[in-house]
Amino acid sequence: MKSFNSGPLQTDPSNRKLCSCSIFHAAAFLCMVFVVGTSFVALDYKENMADEIPTDVAEITRGNLQTDLSKLQTPRANSWPHESTQSDSCESPCIASGSEPLPKGIVMRKSDLEMVPLWGPPRAKESATSQKSLLAIPAGIKQKEFVNKMVTKFASHNFTVMLFHYDGVVDEWKDLQWSEGALHISAINQTKWWFAKRFLHPDIVAPYRYIFLWDEDLEVQNFHPERYLSIVEREGLEISQPALDPLKSQIHHQITARSRRGQLHRRMYKFNGGGKCYKKSSGPPCTGWVEMMAPVFSRAAWRCAWHMIQNDLIHAWGLDMNLGYCAQGDRRKNVGVVDSEYIVHKALPTLGGSDEKMGPSDSSAANRRFAVRRRSYAELEIFRNRWQKAMAEDKCWTNSYPEP
């Protein structure tokens, strides 16, 4: 029997068994928070990750979980020096870290991104949040027209909207009708994955059905959010994306191109050139794969994917090839591209062009774009090395998709 060494929470397809209670890891402590309009957060932050779960939380064997409650127990201690009168029924392995001095009924493990009025009666615990989804977009003022059309289509379909302002411009969005009800977060020259890691913690977005983490340069004329979600739910897609119009979009991987044969597809076939994909191909990008410009996650898939996002690798290159591990089952079935609701990806080079404080040697936008691309490739190599190292070192993990 091996001692389970805790780390980032894993979901299926690993055969680990974990306590069902959610454990909150604080992603960041904000040093300065203030409001512009209704919800603008500007920050100077310090990373302060929560303590890891104790390594002796459980002892497990593969396929057969045996738990010693005396080891799992988290003491419900407080500062008063009195003898405990608790019965054995009070012992619980699922107490949220830090809440031990509190009565269980007052502990709220999760939150959401909904704004609350300053007056009137507090809302009921059971709110409509669980029926909503979240749209999060990195938004530069130069793409205001794209973003406005996108958000206008989503805002009327039970979505909470969050904008990541990577250029620091916020006030110029106030004239849009939906802006007052959106959340605006600003940090100069940061990517959407930097924002997502810090502001879309799974315990914060858990109330939302789906998380749309989209780029800003998308045209949504032929996309309807509710029709899209009805297909995703019916087909059991935990990770998905809308197909790209092949005549108007920049296609990097053929699996993302729209097919006219049905409502969705889960694989592609490629018989010529490099990276061939056949009927028996079982891995990305032939199947079980979406591109990172417009992914849509179920809440369960996002809880897994968030843990895979590396805090220091802000471009998230390499993440797409491993998202299938978060598909809550067979990635060949639970990951797909929806053809009937499709978009156009303009592939605009927005990153690296907004910082006016860079030195003379990096003054041109072309040089900055090259520097961004070079950083992206470096991050890809780092992520691959970390993945290989993690697989080799974790003796309690089973690879559901081993190399053939």
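Reply: What follows sets computed values against their cut-offs, beginning with the overall picture. The model is predicted.

Me: What makes up the secondary structure, and how many residues count as buried, in percent?

Reply: The protein has eight helices and 15 strands. It has 404 residues, and 44% of them count as buried. Its accessible surface is about 22,100 Å². Carbon and sulfur atoms hold 53% of that surface. Among contacts with a separation of 6 or more, 73% join residues 24 or more positions apart.

Me: Why is A136 called buried?

Reply: Buried means under 20% relative accessible area. A136 has 0% relative accessibility, so it counts as buried.

Me: Where is A136 found, and what is it in contact with?

Reply: A136 sits in strand 7. Setting aside neighbours within four places in sequence, A136 contacts M162, F164, L200, F212, L213 and W214. A contact needs heavy atoms within 4.5 Å. V161 is 25 residues from A136 in sequence, yet the two C-alpha atoms are 6.0 Å apart.

Me: How do you know that strand 7 and strand 10 pair, and in which sense?

Reply: Pairing takes at least two bridges between the strands. Strand 7 (residues 133-138) and strand 10 share three bridges, in the parallel sense. L135 is opposite F212 of strand 10.

Me: What about strand 10 and strand 14: parallel or antiparallel?

Reply: Antiparallel, again over three bridges. Strand 14 covers residues 296-298. Its F297 is the bridge partner of I211.

Me: Which way do the residues of strand 10 point, and are they buried or exposed?

Reply: Y210 and F212 point one way, while I211 and L213 point the other way. All are buried.

Me: Why is helix 6 called largely enclosed by the rest of the structure?

Reply: Count its buried residues. Eight of the ten residues in helix 6 (residues 299-308) are buried, so the helix is largely enclosed. The buried ones are A301, W302, R303, C304, A305, W306, H307 and M308. They pack against helix 3, helix 4 (202-205), strand 10, strand 12 (239-244), strand 14 and helix 8.

Me: What makes a space a cavity, and how many of 30 Å³ or more are there?

Reply: In a cavity, a 1.4 Å probe fits but cannot get out. Two cavities of 30 Å³ or more are present.

Me: Which residues line the largest cavity, and how do they divide by class?

Reply: The lining is M308, I309, Q310, L313, A316, W317, L319 and F383. Seven are nonpolar, one is polar and none is charged. M308 is also one of the buried residues of helix 6.

Me: How many residues line the largest pocket, and which lie nearest its centre?

Reply: It is lined by 50 residues. W289, M292, W317, G318 and D320 lie nearest the centre. The lining divides into 24 nonpolar, 14 polar and twelve charged residues. Gly counts as polar and Asp as charged. W317 also lines the largest cavity.

Methods
Residues numbered from 1 in each chain as written. Predicted model: local features only at pLDDT ≥ 70, side-chain atom pairs only at ≥ 80, totals over all residues. Heavy atoms only, no water. 1 Å grid on protein atoms, 1.4 Å probe; cavity = no way out; pocket = protein on both sides within 12 Å on 5 of 7 lines; lining within 4 Å. Points joined across faces, edges and corners; volume = space filled by probe spheres on them. Buried < 20%, exposed > 50% of the residue type's maximum accessible area, 1.4 Å probe, protein only. Helix = DSSP H or I, 4+ residues; strand = E, 2+ residues; numbered from the N terminus. Areas by Shrake-Rupley, 256 points an atom, 1.4 Å probe, with all protein chains shown as cover.
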